[in-house]
6 protein chains.
Amino acid sequence: MTGQLLRYTSPSTPDQFAPRFSQIATFMRVPVAETIGEADIGLFGVPWDGALTNRPGTRHGPREVRNQSTLMRAINHATRINPFELARIRDMGDVPFTRMFEVEASHDEIEAFAAMLVAENVLPLAIGGDHSVTLPLLRAIAKEPVALIHIDAHADTTDSFQGSKFNHGAPFRRATEEGLIDPAKTIQIGIRGTQNTSDGWDFSASAGMRVVFCEELHDRGPQAIADEARALVGDTPVYLTYDIDSLDPVYAPGTGTPEIGGMTTHQAQVLLRGLRHLNYVGADLVEVSPPFDTGNVTSLAGAALAYEILCLLAEVRAGSATGKED
Amino acid sequence: MTGQLLRYTSPSTPDQFAPRFSQIATFMRVPVAETIGEADIGLFGVPWDGALTNRPGTRHGPREVRNQSTLMRAINHATRINPFELARIRDMGDVPFTRMFEVEASHDEIEAFAAMLVAENVLPLAIGGDHSVTLPLLRAIAKEPVALIHIDAHADTTDSFQGSKFNHGAPFRRATEEGLIDPAKTIQIGIRGTQNTSDGWDFSASAGMRVVFCEELHDRGPQAIADEARALVGDTPVYLTYDIDSLDPVYAPGTGTPEIGGMTTHQAQVLLRGLRHLNYVGADLVEVSPPFDTGNVTSLAGAALAYEILCLLAEVRAGSATGKED
Amino acid sequence: MTGQLLRYTSPSTPDQFAPRFSQIATFMRVPVAETIGEADIGLFGVPWDGALTNRPGTRHGPREVRNQSTLMRAINHATRINPFELARIRDMGDVPFTRMFEVEASHDEIEAFAAMLVAENVLPLAIGGDHSVTLPLLRAIAKEPVALIHIDAHADTTDSFQGSKFNHGAPFRRATEEGLIDPAKTIQIGIRGTQNTSDGWDFSASAGMRVVFCEELHDRGPQAIADEARALVGDTPVYLTYDIDSLDPVYAPGTGTPEIGGMTTHQAQVLLRGLRHLNYVGADLVEVSPPFDTGNVTSLAGAALAYEILCLLAEVRAGSATGKED
Amino acid sequence: MTGQLLRYTSPSTPDQFAPRFSQIATFMRVPVAETIGEADIGLFGVPWDGALTNRPGTRHGPREVRNQSTLMRAINHATRINPFELARIRDMGDVPFTRMFEVEASHDEIEAFAAMLVAENVLPLAIGGDHSVTLPLLRAIAKEPVALIHIDAHADTTDSFQGSKFNHGAPFRRATEEGLIDPAKTIQIGIRGTQNTSDGWDFSASAGMRVVFCEELHDRGPQAIADEARALVGDTPVYLTYDIDSLDPVYAPGTGTPEIGGMTTHQAQVLLRGLRHLNYVGADLVEVSPPFDTGNVTSLAGAALAYEILCLLAEVRAGSATGKED
Amino acid sequence: MTGQLLRYTSPSTPDQFAPRFSQIATFMRVPVAETIGEADIGLFGVPWDGALTNRPGTRHGPREVRNQSTLMRAINHATRINPFELARIRDMGDVPFTRMFEVEASHDEIEAFAAMLVAENVLPLAIGGDHSVTLPLLRAIAKEPVALIHIDAHADTTDSFQGSKFNHGAPFRRATEEGLIDPAKTIQIGIRGTQNTSDGWDFSASAGMRVVFCEELHDRGPQAIADEARALVGDTPVYLTYDIDSLDPVYAPGTGTPEIGGMTTHQAQVLLRGLRHLNYVGADLVEVSPPFDTGNVTSLAGAALAYEILCLLAEVRAGSATGKED
Amino acid sequence: MTGQLLRYTSPSTPDQFAPRFSQIATFMRVPVAETIGEADIGLFGVPWDGALTNRPGTRHGPREVRNQSTLMRAINHATRINPFELARIRDMGDVPFTRMFEVEASHDEIEAFAAMLVAENVLPLAIGGDHSVTLPLLRAIAKEPVALIHIDAHADTTDSFQGSKFNHGAPFRRATEEGLIDPAKTIQIGIRGTQNTSDGWDFSASAGMRVVFCEELHDRGPQAIADEARALVGDTPVYLTYDIDSLDPVYAPGTGTPEIGGMTTHQAQVLLRGLRHLNYVGADLVEVSPPFDTGNVTSLAGAALAYEILCLLAEVRAGSATGKED
């Protein structure tokens, strides 16, 4: 497009100074990748909710998080990080599913997509989708057991439900069994809500995970928990998984398994900003379910927390980026 | 039903392991009572809002609290209480009104229903309905003046409105006058919001009630308030009444008289969990108004706080249960 | 329950004279069945949406249709049929799923549930659920090829999607192949909306089905279409399947695949009332998706049209009922 | 106010050329009356819903109809009537209730308010409120039996409900008994929906009312029905009562007793515009329930149909106005 | 992207067989243009609402129409047109505004953007935005006075409002004055709603436009109106402008100036399908205001009617395409 | 109006004891002013949003804040201030715009309206409208540089956007340049959210403003911030401007530029109540955007915080009122 009138190189390349309601919605208004290798960090959607146990709709999560993420601008007011200056960030599109009705086949497709990024040294930041998708993401990313920072209302270490051991309440039990995560370097933050058995909590405890119930977070504050998480993880390659239901249902009504008494977005921001300078190998934000949202507050919170995670990744990537040129 | 395929004895007996969106919605997915006497604790609805002064709709409260209560599971993660193991809990249905347009006649029907339960030694847990319904419930339950833990944005000790002294702003003035509650063992928690006269606050004070304005709760924290309430009540038979508008309008938009600056659900949980081991004679949760709700957050909060109250009652009931066999 | 105060034999047996916002919500406020055999017509839910291709949520359909169906009363103003006098109608609860993530296993469970009813001579009226559930229902019901009256925006005779030939766009192709329906006695009414290929429409045509596109219905009117359907079906045992997306998205926003230009509820009523005195062997109403609904209009329309279908079934059942006593 | 900057004589006198989202919302943006006698036609609210049988909220009707009525402009595009040129139209405020919990006392207050207007020769146009309010309005207005044009989904000629014979399903039975209306000159239009008994329909029929079920309206069209109504009424003083639930639930979700298969707003407009030049003694529009509305479509329809009724009244008033000077 | 796993050439090139909730939302899921000249038909957004007079929000229209347009598939069921086979259709992005607070400067930017497309022989299909944007679009497109098919609730031939003669109620008065349209070959369809003066209707009439009030459309049916429009326009180059408020507020609550009594989407489809084989030089669909929408029905209707318009354009373009190769 | 039945002198004078859903909605249910001079404090609306940069709708703010403000009663429970006893408070209506599409012309009209009040010694309390309106308000009010207490998520000291230096992100940069505020006596509280450049924050800092980011407010608490603000301002004439987006998006979804991590309404109340006894010359509450609200929580919060501000103003006014008689 010759288009000297146009402010953009291409309409698929919106920028952050345009009016925020305009242009095609990509994650954070970054360009869509034309090649995998052009990205340092790859944002992508996992529009799949085939393993959830209650209210559906997270298949619509990536679309609406893209939409609300156009409200984000460049510089973090608290840390003054500008991730877009630190790393080449691209929207990689969504995982293209071809067997969406089958849990394990879909997991394979997620793994394959993430593996493509990993193969080209792109740091993945996935937007779900139900929480079961973290398992195939870990399979693609974790060459050896990684540390895990897991922020969620649920430990997700229960076992089979309705005959599937890959349901969205079980990924970290499976990841432990498959040697993808190191339970001794795993911290679960924000856990709460009733359960029918104590099986999941028991598994987390016996596997050696540090479980921070949300009451403890409210008592000690998110900064103290972040400090503990950083100390626990140390230099180990670490994966960060953020379940939007860690937030209180008021901050995240648009999710499948809401539990009252949760975190505020301010607490979530303090927690995430306390996790800088770790050796991130990937991250995700999951369980945004737009059909249950009101006023888009959940998608907005998802977008804004994904931005915080992006700052964490970009800072690390900038420090370690060596073999790539823009 | 022969039904070897069915997981349930009867479709009216859903269980807590079924997918939560399935089956007929009863309170907490407990069985519907077939006889009054089979229950230790009876959950029942009071779908009546004929004495409220502003926005209507709490007549729809029991139905939607039932609906959202299907999201509840068995074990309390904080206290590890499983109320369903401690007591036989049943859904008793709703109070069947026959004179719904008349305040006093309706109050009589509520009293009669609750009296049936009391007569068979069933501990009542009512889901309202507007707050005026607590007066007839107390009439059925309080054989002598009981202690009262009253969590609410409003003291509900004003006098007549629009010619009725039984409106939903007045039940605890009436209960004091009728000798149903002991004002010296009454604590009102979370009070806030403008008033046209100071008459209600003045009545509470002069009667000797302890009034904890919500600012004090925010300052001292809910645990301190709970401790004070427990000390005040001691061993006295006590009734617990929970008005959902004690929560901030953000946590409970679906109510008739919202007042900003209220409690969070986390504060409510801490407060309620601090009230264990009291000598409960009954309880209610009132003022959920689904037509004003958004995203069902109010009904969900109502269900989850009713679950917390159920844990309190079940623990006490288990300790005192003697004359009943399942 | 001794309960002389109670107007009901049991709280699980609400009646149609009670205030409609009160009591536990069963389909049309009929009693929950205690045995299968006590029913002439069995209303039951199929809370499953594991085979849909776009927007999810029909798993929540039965619960909300139950809720809105409490607005229904006894007598049809147009036909003066009172189905509750003509037949013993019961709520049979929901199909109890144990393998909800697997399409074919879930279909088996649906079939088994319906087969239980058929075995005891109960006429089934299912509330879905996605439209794929009609296939297992037909497997349970159609001992030989049945006629089919199929009201829908989509012919649902496409083939595999995402690797599954049992997705919700394909049940009537499968039913034809399995010999469950007689395509020469099949009429599809209300069809419209874009398609990526003409494959489904072509299959319907080549199989010999009568396809009434919605434009034809608007032109000729629903009475003419009903007349044609009755003539086509004659005395053949016939199954009636009603997809709520046959209604315009304004009348049914709460569905997964809305298509503009659809039927009004008045047209749907005229159409259904024109289908009296056929030899019904079963029926369903599917694709109500509460998470996408606004103001409950879809659930209300679903309940009201299910009531119309119930009138059709009850009238037939009353005429043919011989071997059962109440 | 000196206010040469202000376009208005007073901020309480907004005009129809101002931006429609601006200024204090009065009915149709007419001035608030300073004296009763200054008005030819008095619009007033009846914010009371104490006699309804199902979903509440019509007490909020007047406020929201005022709000949406600011979208109305002056000239009717179909009839070219400009009611504001034909008559002095004023907002009289709302009936000021002092006994809102008591059905009969509230009815007395409504009657007294309307009587004040009638006494000063002001033609009343009331905005409800539940439909029971038409009874006291008729008591104030009908010095002898008046003709009645009654547009509604329900005949409202049933008898007592929950012990009250003044509930909102019974006003026209009572009005017949009290000699306020002439059943032989009464036409009920749009009737539909299930009933538990045929008692109301039977009363209407046996009293001699003309009952036009909504199916007949759909078949013959609203113009034919209007013609019949005009012929039936002739020169008799006539009262027009419009229940918003005559509209289909899609056009009026915000009402207490929705019934599918109803009128469109276009049909309602044709019907009302067909009722010109009758001898109107008063009118009302009732049953708008904002808490159940979506996107304000019900309040908007209520405002726009109230405008159509206002055109009918203004035209008649202009023709007959003699004894008043502006 | 090497991406043999990916089904798409590029993530910016979604296709219509992917699950509809997945991938980045472009208009109709067509590729984003990389050069202007690669398109036969260019869909683009005009996210600007700076000249509307009442409720704002159409600046958000293009984003949400893109979102809902992903529900569209390829083949029109009524005409069997597949526009994607007939023409190279691209998403050109949005007009990039740099002076959004200034009406005339913004109009210039719209004109310049459209002129770029026209210069490269791309047939423009714009998605608004408020209706004032049609004026600059016509300036870019109409080299001589064009015929105009204008579907709308409002004639939009009023004059200045609040000091601007370019407000969204005036574009066709300006277009007449500027010689952009031939009023003798202009038809305005669906007009209705109150006005404060008859000035706009009078201008249309005196200029020689054919004004079809919505009552006439309801009476004669949309096919007859379409026939008349085709006869009026003949072979003259013609511009089609579709204001979503031509639909009834129930079909299009999400718009700034709703008027009851409007068209159904079925009527709109029949009308548009009746306008085939005209000599289109451009088209737009305007006034979708997502903040006022409920359940996305307006955006869905907008997307589906834009698809119908696209079919009209593609068919014509296919017939006339000569100088371009794909 | 003789009206002995009426409780009110006039229907335009509602009082605070009437049912809150009744009567015409004025701010806080105060009388509409008949003359400017009759008021000590003048509440007025500024229904204009022509300078905002993202989501529109604040033009609808005054109407809905009026609506929700009818929930307010007289006495502040925390301070026991009754502003209605301390000062004559009136609703002055809305600024009557005549050039709404032009930023600077509209600003002039706002200034002129406020100047009228100032000229008659009326203390102005404006309800916006977008935040740009504070600039013309200051022009009318600040005869010399005033101190400024500015509560907001954004510093609003950026420069031109889209060619206008008067956009809603810039008023306090302009006010500094115009000498309307004293930056050394300016405190900005609650600032947060991403920015594309640090230009605004840098301007605030270099101009000498005290900027309290929201993290600091969460850490130190609102009382400490209020104490600091009072010390900073001292006896200087001070203007208070409250942007509703200072609240978290959960408390104020209905605003144009939401930023997570914001204040709770409780924090806002503590903050405002900590600002008593300052030398207020005016105040505003801006950026309530009803089209983006859910459940009216934003309008309710806006009304309740406007009430808190009213208490501040009334107390000061009562102390200083000398030259006026009621």
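Through which surface do the copies, chain E and chain F, meet? In this predicted model, 100% of the interface residues of chain E are also interface residues in chain F, so the copies meet through the same surface. Chain E is superposed on chain F by a rotation of 180° with 0.0 Å of shift along its axis, at an RMSD of 0.0 Å. That is the relation of a two-fold axis. Within chain E, Pro291(E) has the C-alpha nearest the axis, 2.8 Å from it.

Turning to the fold, chain A contains an open sheet of eight parallel strands in the order 2-1-3-8-7-4-5-6. Its edges are strand 2 (89–94) and strand 6 (210–213), each of which pairs on one side only. On average, neighbouring strands are turned by 15° against each other, direction ignored. Inside the sheet, strand 4 (residues 146–151) and strand 7 (residues 238–243) of chain A run parallel and are joined by five bridges. Leu148(A) stands opposite Tyr239(A) of strand 7.

In chain C, one joins Glu315(C) and Arg276(C) at 2.6 Å, N to O. Glu315(C) belongs to helix 10 (residues 297–320) and Arg276(C) to the loop between helix 9 (265–273) and strand 8 (280–286), so the pair ties together parts 39 residues apart in sequence. Glu315(C) counts as buried at 16% relative accessibility, and Arg276(C) as partly exposed at 23%.

In chain F, Arg174(F) and Asp159(F) form a salt bridge of 3.1 Å, N to O. Arg174(F) lies in helix 5 (residues 171–177), and Asp159(F) lies in the loop between strand 4 (146–151) and helix 5, 15 residues apart. Arg174(F) is buried, with a relative accessible area of 3%, whereas Asp159(F) is partly exposed at 30%.

How values were computed: Residues numbered from 1 in each chain as written. Chains lettered and ligands numbered in written order. Predicted model: local features only at pLDDT ≥ 70, side-chain atom pairs only at ≥ 80, totals over all residues. Heavy atoms only, no water. Pairing = 2+ DSSP bridges. Helix = DSSP H or I, 4+ residues; strand = E, 2+ residues; numbered from the N terminus. Axes fitted to C-alpha atoms, helices over the stretch in contact; angles between N-to-C directions. Least-squares fit on C-alpha atoms with pLDDT ≥ 70 in both. Contact = heavy atoms within 4.5 Å. Salt bridge = Lys/Arg side-chain N within 4 Å of Asp/Glu carboxyl O. Buried < 20%, exposed > 50% of the residue type's maximum accessible area, 1.4 Å probe, protein only.
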